[in-house]
Amino acid sequence: MGLFHRVGQYISAVQAEIFGVDGDDWIDRYLSEGEQKLWKKQKAPDRAHSLNVAKTAERLQNNMPGRLSAEERIILQKAALLHDIGRGEFGSSLAKSLAVLLTLGSTSPPQLIEDNKKPDAQGRPGASEEISAGGYSADLLYHYYCHPEIGAELLRDLYSGNGRQPNEAQERIIGLVRHHRDRTAGDDRLLKLLIEADRQN
């Protein structure tokens with residue numbers, strides 16, 4: 001993504017921080033109570049971004065040949081609204097957005113995080129709290145670069161509550177969230193739509 005796109009994202013973050021995010025009707029339409037709790041834990045800029053991605057995904061799929069089924073539309077909307085939940089408390093606050101923006105183009109922060117991942121108590125990827133990259137928080141950079149995997153695991157935990165296993169649609173949502181930053185979506189129509197909607201926002 002180019003500098004102008006990043007600047008546009010930063011301006012959108014400023015607006016969301018100042019004016020808040022109005023998306024209750026949209027999330028009530030598509031997200032369950034548990035999914036809404038995860039969505040609401042995001043910073044205001046990330047909530048605004050996810051709403052824009054969901055609306056863009058809807059517009060894109062309405063203009064594509066071969067409409068999606070009703071179930072596919074719901075899956076795509078859920079994935080669009082939840083795709084950045086892995087950022088959590090390390091999401092796009094203004095200062096943090098700027099800090100991440102300043103590290104773009106450097107190969108050392110992602111490599112630093114990759115080299116220093118530590119599993120959490122459940123054996124899932126974690127991040128060392130003691131490592132810093134050029135004065136930036138390693139946790140911040142870790143959540144920026146690894147948020148798709150973190151978000152997918154949050155959803156798996158939600159969908160696996162009370163001894164259940166995620167159903168087919170839930171597995172699809174988990175997969176879309178996990179792979180929404182992949183460079184290629186292959187023949188996956190939903191993933192292509194999600195990646196393009198995210199790219200446009």
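1. The crossing of helix 5 and helix 10 is right-handed, a term used when the near helix is turned clockwise from the far one by less than a right angle. Helix 5 and helix 10 (residues 189–199) pack at an angle of about 40°, and their axes lie 10 Å apart; the axes are lines fitted to C-alpha atoms over the stretch in contact, with angles running from 0 to 180 degrees between N-to-C directions. Helices here are DSSP runs (H or I, at least four residues), numbered from the N terminus.

2. This is a predicted model, in which local features need pLDDT of at least 70 and side-chain atom pairs count only at pLDDT 80 or more, while totals for chains, interfaces and linings use all residues. Residues are numbered from 1 along each chain as its sequence is written, and side-chain values use heavy atoms, with hydrogens and water left out.

3. Which residues form the contact between helix 5 and helix 10? On the helix 5 side they are Glu72, Ile75, Leu76, Ala79 and Ala80, which meet Arg189, Leu190, Leu193 and Leu194 in helix 10, contact meaning heavy atoms within 4.5 Å. By class, this contact has seven nonpolar, no polar and two charged residues, where Ala, Val, Leu, Ile, Met, Phe, Trp, Tyr, Cys and Pro count as nonpolar, Asp, Glu, Lys and Arg as charged, and the others, Gly among them, as polar.

4. Helix 5 (residues 70–82) has 13 residues and reaches 19 Å from its first C-alpha to its last, close to the 18 Å expected, the expected span being 1.5 Å times one less than the number of residues. Its buried residues include Ile75, Leu76, Ala79 and Ala80 (buried is under 20% relative accessible area, exposed over 50%, partly exposed in between, with a 1.4 Å probe and protein chains only).

5. The structure holds nine salt bridges, each a side-chain nitrogen of Lys or Arg within 4 Å of a carboxyl oxygen of Asp or Glu. One of them joins Glu35 and Lys78 at 2.5 Å, N to O; because Glu35 lies in helix 3 (residues 33–40) and Lys78 in helix 5, the pair ties together parts that are 43 residues apart in sequence. Glu35 is buried at 2% relative accessible area, and Lys78 is likewise counted as buried, at 13%.

6. Asp46 forms a salt bridge with Arg87, with the closest N and O atoms 3.1 Å apart, and Asp46, Asp84 and Arg87 are linked in a network of salt bridges. Asp46 counts as buried at 2% relative accessibility, as does Arg87 at 12%.

Methods. Helices (H or I, at least four residues) and strands (E, at least two) are DSSP runs, numbered from the N terminus.
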